[in-house]
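Good morning, colleagues. Please look at the model as it comes up on the screen, and I shall take its parts in turn.

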Amino acid sequence: MIVLDRVSHVAGVGNQTRKMLSSVALDIPTDRHVALLATLDEDKRIFIDLLAGLVLPSAGRIVRKARVSFPVGYLGGFLRDLPVRLNVAHVARLYGLDVDRTIDLVKRSLTIGEAFERPYKELPRNLIAPLGHAVSYAIPFDVYLHHREVTRLWKGATDTLLSLVAERTSSSGAIVAVRNERFACKFCDLALILHQGQAVLTDKVEQAFAIVENLRSETPAVDRSAFRAPK
Amino acid sequence: MDRSDKGKSGRQRSRQLAHFILSKGASSAVAGDIKSDARFRAAHRSAPKRGMRETLGRDIAAFAAALQAQGRVLLALLKREEQLRRYAPMEAILNLLEPVFLVLTLSFLWSFFGGRQVPPYGDSSVLFYATGFFPAYLFIHISRRMNGSVSASWRRFPIESRLDHIFVHIMLRIFDYTVLGILSFGGIYFLFSTQALPQDIVSVVLACLATTCLGFCFGVMNLVLTKLFWPWEYAYPLFCRVLMMCSGAFFIPDFLSYNVRYILSFNPELHVIILFRRGFYPDFPSLTLDTTYLACAAIIAAFIGFVLERITRRSSGR
């Protein structure tokens with residue numbers, strides 16, 4: 001479970017700030033597949049970053065009573081000058097995994113070849129996304145956070161990666177920032193709606209999309225000058 | 001009912017649902033039957049109340065687990081730094097040799113080209129200046145290099161915190177300077193003076209510990225001020241040079257006039273250098289040295305550093 005304890009967050013900088021969350025107290029289950037919806041797309045990304053711990057809320061606290069992943073595909077902690085293999089080893093050590101097994105699993109998940117021993121900065125661009133997913137799914141989290149739904153296969157992915165993704169998806173929870181209604185209805189059994197500083201959890205996934213569309217049409221275009229940063 | 005009416009009622013129903021959902025309190029709202037949540041609550045309600053001993057045991061276990069996780073992160077970061085040095089050895093060697101070069105070059109310059117043939121104290125000018133520059137540069141490298149060593153929040157994994165990177169930076173500087181100390185003072189011992197072997201290693205270690213605490217505080221201050229006020233990044237090296245001048249690296253504070261000595265005695269780095277030199281010269285003039293003041297300054301500096309890091313954590317991202 002992820003517990004949001006009176007969480008407030010102000011998004012944006014300088015004059016372009018707005019209150020994204022306003023004293024939200026919510027318990028998000030981590031053993032379900034949750035579709036994250038918002039009237040502003042940017043809010044979804046920021047909310048996922050908040051849950052992951054990449055960003056701290058402006059007020060309140062987020063208590064993680066489960067092993068919560070970083071956003072799937074995130075490789076921000078990789079050092080460019082270090083070989084990919086050693087970067088993967090570093091992630092394994094951070095999360096207390098067996099280093100050799102994790103390296104082997106990631107290597108088998110990709111058709112990466114020699115590039116695995118080369119510095120990360122030399123990795124071909126088309127392998128970065130599958131590498132990010134391989135590293136994320138190599139770690140057995142209780143819940144995986146996604147900035148967006150994955151609806152297509154990557155070129156560099158092997159069957160090992162696909163079966164790893166399937167296994168993790170079936171045994172762990174997920175919180176996915178979705179745009180595709182079909183994906184959400186097929187994959188998710190809960191919907192979390194963010195709107196004007198509030199967060200609402202519902203099991204009516206299909207209707208959640210309709211709600212968000214209505215809310216979007218009702219919400220006037222954001223006049224950023226109207227929002228002031230909290231004192 | 002025609003089609004437009006049907007659409008209208010559909011929109012009304014969606015709107016009603018939205019209002020229904022959003023009206024479940026301004027804060028917590030769980031609409032619908034969330035089975036796992038209800039089961040969790042039911043289990044929690046029926047669970048017997050734990051005794052104080054059980055709660056304490058559970059808290060201790062949680063604290064131990066958190067410490068273990070913290071240690072794991074620090075070890076992983078240190079291991080990564082060690083691997084980075086192996087993959088870029090020239091950069092690592094240059095980083096290590098830079099303080100050696102600086103300390104020894106300045107020592108030579110001051111001893112031979114400053115017209116001072118007689119060492120200010122002891123039997124070797126090189127040793128005298130090296131014992132002044134060594135702790136001063138430890139402070140400067142910890143405080144000034146912290147900005148470059150601590151990665152921005154978007155270049156770390158969520159499990160790594162800024163404080164972890166700060167600790168790793170300090171540990172690496174201590175390691176580098178331990179190697180530097182052995183190399184440079186060992187070299188001075190064999191080439192210039194047998195006084196280069198510390199007589200009182202405890203004084204040397206305490207001086208380094210105090211300068212580490214001061215460096216930590218100023219390093220965190222640099223991290224914060226550089227973000228708020230970018231010219232600080234260029235002003236701080238100037239501050240370091242002034243600090244070097246006023247810290248007794250080039251002179252013996254006890255030989256100055258009372259008024260000047262009194263003003264300079266407020267600089268904790270001055271006490272650090274005197275204490276460090278006492279480790280090499282047992283009879284070094286140390287009337288100005290106030291170990292209580294130095295200890296308090298070091299503890300307060302460490303405290304301020306931790307407080308600054310904590311209160312600026314949100315604004316820095318993490």
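Helices α7(B) and α10(B) are roughly antiparallel to each other, a label given to angles over 145 degrees, whereas under 35 counts as roughly parallel, 65 to 115 as roughly perpendicular and the rest as oblique. This is a predicted model, in which local features need pLDDT of at least 70 and side-chain atom pairs count only at pLDDT 80 or more, while totals for chains, interfaces and linings use all residues. Residues are numbered from 1 along each chain as its sequence is written, chains are lettered from A and ligands numbered from 1 in the order in which they are written, and side-chain values use heavy atoms, without hydrogens and water.

To return to this pair, α7 covers residues 201-228 of chain B and α10 covers residues 268-280 of chain B; helices here are DSSP runs of H or I with at least four residues, and strands are E runs of at least two, numbered from the N terminus. Their axes cross at roughly 160° and come within 7 Å, the axes being lines fitted to C-alpha atoms over the stretch in contact, with angles from 0 to 180 degrees between N-to-C directions. The crossing of α7(B) past α10(B) is left-handed, that is, the near helix is turned anticlockwise from the far one by less than a right angle; clockwise would be right-handed.

Which residues of α7(B) and α10(B) meet? Among them are B:Leu206, B:Ala210 and B:Leu214 in α7(B), and B:Val272, B:Leu275 and B:Phe276 in α10(B), contact meaning heavy atoms within 4.5 Å.

The second pair in chain B is α5 (residues 125-149) and α8 (residues 232-245), which pack at about 160° with axes 11 Å apart. α5(B) and α8(B) are therefore roughly antiparallel to each other too, but α5(B) passes α8(B) in a right-handed crossing. The contact includes B:Phe133 and B:Ile140 of α5(B), and B:Tyr236 and B:Leu243 of α8(B).

Let us turn to chain A. Strands β1 (residues 2-11) and β2 (residues 18-28) run antiparallel and are joined by 7 bridges; strands pair if DSSP finds at least two. A:Val7 has A:Val24 in β2(A) as its bridge partner. β1(A) and β2(A) form a hairpin with 6 residues between them, and A:Gly12 in the turn has a positive phi of about 95°.

Finally, A:Ala177 lies in strand β7 (residues 173-177) of chain A. Is A:Ala177 buried or exposed? A:Ala177 is buried, because its relative accessible area is 4%, and buried means under 20%, exposed over 50% and partly exposed in between, with a 1.4 Å probe and protein chains only. A:Glu149 is 28 residues from A:Ala177 in sequence, and their C-alpha atoms are 6.7 Å apart.
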